[in-house]
Amino acid sequence: MAASFRRTRVLPIHPARPQWRRVRLAAAAIRRGELLVIPTDTVYGLAADPFCPAAVERIFHVKKRDKNQPLLLLIDSLEQLPRLVADVPAALPKIAAEFWPGPLTVILPAGPKVPREITAGTDTVALRVPAAPLTRAIIRASGGVLTGTSANLSGRPPASTAAEAARQLRGSVYYIVDGGPAPRRQPSTILDLTANPPRIVRQGSLPWQRLTRYLP
């Protein structure tokens with residue numbers, strides 16, 4: 001069951017020059033198993049430690065999300081791939097070099113250490129390296145990997161500001177990190193590299209036409 005906070009705390013952090021003390025506060029809450037709302041380079045996201053079963057369980061409860069839907073993960077760099085991915089498709093290096101960091105989520109074969117609650121039993125994992133300095137600072141300080149599902153109730157529009165996220169999730173998260181308006185009001189584009197041929201699962205902030213030259 002989700003924890004209930006009488007007063008969800010708003011934690012303002014500068015989006016381009018994150019104050020390290022406040023980043024550490026956010027990361028410490030993540031490591032304790034708390035849920036946070038954080039800004040990304042697309043919309044605001046609901047962040048937690050993906051290796052903490054209780055925190056992942058609370059994400060589904062708070063969002064009223066079907067557990068058969070996998071959760072995407074935000075990573076701070078490609079150095080996280082070995083712990084999360086079973087195999088690196090041949091197309092990924094060029095795609096990553098061109099579009100990461102950025103608003104592209106890539107579905108890859110999940111490694112054995114990725115919890116089933118994250119993959120929803122699909123044996124795949126969706127990863128993104130966000131471009132926003134604040135987002136990556138929080139990810140890095142929290143251990144390099146965070147959940148990145150949108151900070152909204154399932155079926156409602158994604159939040160592009162901290163205030164929009166608060167209207168839906170206040171009382172269900174520990175911190176709402178306010179980094180100002182999200183640069184984009186659309187979520188990331190999702191590309192499935194486990195499919196043959198690769199396919200666009202969701203059109204988002206990155207136009208699919210920009211991807212075609214990098215696909216086999």
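Mentor: The discussion below sets values beside definitions. Please note that this is a predicted model.

Trainee: Let us begin with a single residue. Why is P187 called partly exposed?

Mentor: Buried means under 20% relative accessible area and exposed means over 50%, with partly exposed in between. P187 has 21% relative accessibility, so P187 counts as partly exposed. This residue lies in the loop between β9 and β10 (189-192).

Trainee: What is P187 in contact with, leaving aside its neighbours within four places in sequence?

Mentor: Contact means heavy atoms within 4.5 Å. On that basis P187 is in contact with T42, V43, R202, G204 and S205. As for Q203, it is 16 residues from P187 in sequence, and the C-alpha atoms of the two are 8.6 Å apart in space.

Trainee: Why is Q80 called buried?

Mentor: The cut-off for buried is under 20%. Q80 has 11% relative accessibility, and therefore Q80 counts as buried. Its place is the loop between β4 and α3 (81-84). Beyond its neighbours within four places in sequence, Q80 is in contact with I75, G143, G144 and V145.

Trainee: What makes helix α7 (residues 162-169) largely enclosed by the rest of the structure?

Mentor: Six of its eight residues are buried, so α7 is described in that way. The buried residues are A162, E164, A165, A166, Q168 and L169. Among the elements that cover them are β2, β3 (45-47), α2 (53-63) and β9. After α7 comes G171, with a positive phi near 95°.

Trainee: How do you know that helix α6 (residues 133-142) is mostly covered?

Mentor: Seven of the ten residues of α6 are buried. They are L134, T135, A137, I138, I139, A141 and S142. Their covering includes α1 (20-31), β2 (36-38), β4, β7 (145-147) and β9 (175-178).

Trainee: Which strands form the open sheet, and in what order?

Mentor: Six strands form the open sheet, in the order β7-β4-β6-β5-β10-β11, and the pairing is mixed.

Trainee: Why is one side of β7 and of β11 left without a neighbour in the sheet?

Mentor: Each of these strands has a single partner strand, so β7 and β11 stand at the edges. From one strand to the next, the twist averages 35°.

Trainee: In what sense does strand β1 (residues 9-12) pair with β9, and over how many bridges?

Mentor: β1 and β9 pair in the parallel sense over four bridges. There, P12 stands opposite D178 in β9. β2 and β9 also pair in the parallel sense, over two bridges, and V37 stands opposite I176 in β9.

Trainee: Let us end with the pocket. How many residues line the largest pocket, and which lie nearest its centre?

Mentor: Its lining has 29 residues, and R65, P70, L72, I190 and R202 lie nearest the centre. The elements giving two or more residues to this lining are β5, α5 (116-119), β6, β8 (149-150) and β11 (199-202). The most comes from β6, with four residues. The space in the largest pocket is about 560 Å³.

Trainee: What does the lining of the largest pocket have by class?

Mentor: It has 13 nonpolar, twelve polar and four charged residues. In this count Gly is among the polar residues.

Technical notes: Residues are numbered from 1 along each chain as its sequence is written. This is a predicted model: local features need pLDDT of at least 70, side-chain atom pairs count only at pLDDT 80 or more; totals for chains, interfaces and linings use all residues. Side-chain values use heavy atoms; hydrogens and water are left out. On a 1 Å grid over the protein atoms alone, a cavity is a set of points where a 1.4 Å probe fits but cannot get out, and a pocket is an open set with protein on both sides within 12 Å along at least five of seven lines; lining residues have an atom within 4 Å of a point. Grid points are joined across faces, edges and corners, and a volume is the space filled by probe spheres set on the points. Buried means under 20% relative accessible area, exposed over 50%, partly exposed in between (1.4 Å probe, protein chains only). Two strands pair if DSSP finds at least two bridges between them. Axes are lines fitted to C-alpha atoms, for helices over the stretch in contact, and angles run from 0 to 180 degrees between N-to-C directions.
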